Amino acid sequence: MEHKSFQGMILVDVRSQEEYEAGALPGSIRLDCFDIQEDTVRLLLPDRNAPIGVFCHTGSRSAPAVLRLRQLGYTQVTDLGGLPLPGAEEEEENGGMDKSSPME
């Protein structure tokens, strides 16, 4: 699978499906930050040594997603934190924080 990159990184968006559909960075792929499973990730990101940049809207979902990817053996994962993009209105209404943690 071919993805566009940003400064050589594969961009991984861990916002909700609704946020992603409302506006995504061109070439980014979406992973469900609440359900990062090895079999799904291997299909989307087969090279565990590829540089990967993970982002959400505020950084509250990207940090645990980075930890999970590292647990799965990905070696060059960078937390890009929050990138305010269209579709994040619901998160902003909640004070910019997610209601639950993806690593519970």
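I began with Leu 83, which counts as partly exposed because its relative accessibility is 27%; here buried means under 20% relative accessible area, exposed means over 50% and partly exposed lies in between, with a 1.4 Å probe and protein chains only. I note at once that this is a predicted model, in which local features need pLDDT of at least 70 and side-chain atom pairs count only at pLDDT 80 or more, while totals for chains, interfaces and linings use all residues. Residues are numbered from 1 along each chain as its sequence is written, and side-chain values use heavy atoms, with hydrogens and water left out.

**Entry 1: around Leu 83**

I placed Leu 83 in the loop between strand E5 and helix H4, taking helices (H or I, at least four residues) and strands (E, at least two) as DSSP runs numbered from the N terminus. Setting aside neighbours within four places in sequence, I found Leu 83 in contact, that is with heavy atoms within 4.5 Å, with Leu 25, Phe 55, Cys 56 and His 57. Leu 25 is 58 residues from Leu 83 along the chain, yet their C-alpha atoms are separated by 9.7 Å.

**Entry 2: the overall layout**

I then listed the elements and found four helices and five strands, which follow the pattern β-β-α-β-α-β-α-β-α when read along the sequence. Of the 104 residues, 41% are buried, and among contacts between residues at least 6 apart in sequence, 67% join residues at least 24 apart. The accessible surface comes to about 5800 Å², of which 50% belongs to carbon and sulfur atoms; accessible areas come from the Shrake-Rupley method with a 1.4 Å probe, and for residues only the protein chains shown count as cover.

**Entry 3: strand E4 and its partners**

Which strands pair with E4? Strand E2 (residues 9–13) runs parallel to E4 and is joined to it by four bridges, while E4 (residues 52–56) and E5 (residues 77–82) pair in the parallel sense over five bridges; two strands pair if DSSP finds at least two bridges between them. Among the bridge partners I noted Val 12 with Val 54 in E4, Gly 53 with Thr 78 in E5, and Cys 56 with Gly 82, also in E5.

I checked how well E4 is covered and found that five of its five residues are buried. In a regular strand the side chains alternate between the two faces of the sheet. In E4 both faces are covered, with Ile 52, Val 54 and Cys 56 buried on one side and Gly 53 and Phe 55 buried on the other.

**Entry 4: helix H3**

E4, helix H3 (residues 62–71) and E5 make a right-handed β-α-β unit; a crossover is right-handed if, with the strands pointing away from the viewer, the path from the first strand over the helix to the second runs clockwise. The buried residues of H3 are Ser 62, Pro 64, Ala 65, Val 66, Arg 68 and Leu 69, and they pack against H2, E4 and E5. Just after H3, Gly 73 takes a positive phi of about 100°.

**Entry 5: the cysteines and Phe 34**

How many disulfides does the structure hold? I found zero, a disulfide being a pair of cysteine sulfur atoms within 2.5 Å. The closest cysteine sulfur to that of Cys 33 is in Cys 56, and because the two are 7.4 Å apart, they are too far for a bond. Cys 33 is buried at 3% relative accessible area, and Cys 56 is buried at 0% relative accessibility.

Phe 34, which I looked up next, sits in the loop between strand E3 (29–30) and helix H2 (38–44) and counts as partly exposed because its relative accessibility is 41%. Arg 15 lies 19 residues from Phe 34 along the chain, and their C-alpha atoms are separated by 9.8 Å.

**Entry 6: confidence**

Last, I checked pLDDT, the predictor's confidence in each residue from 0 to 100, and found an average of 81, with 74% of the residues scoring at least 70. Among the elements, H3 has the highest mean (96) and helix H4 (residues 89–93) the lowest (47). Over residues 90–104 pLDDT stays under 50, and the model has 23 contacts beyond four places in sequence for this stretch. Where pLDDT is low, the predicted coordinates should not be read in detail.
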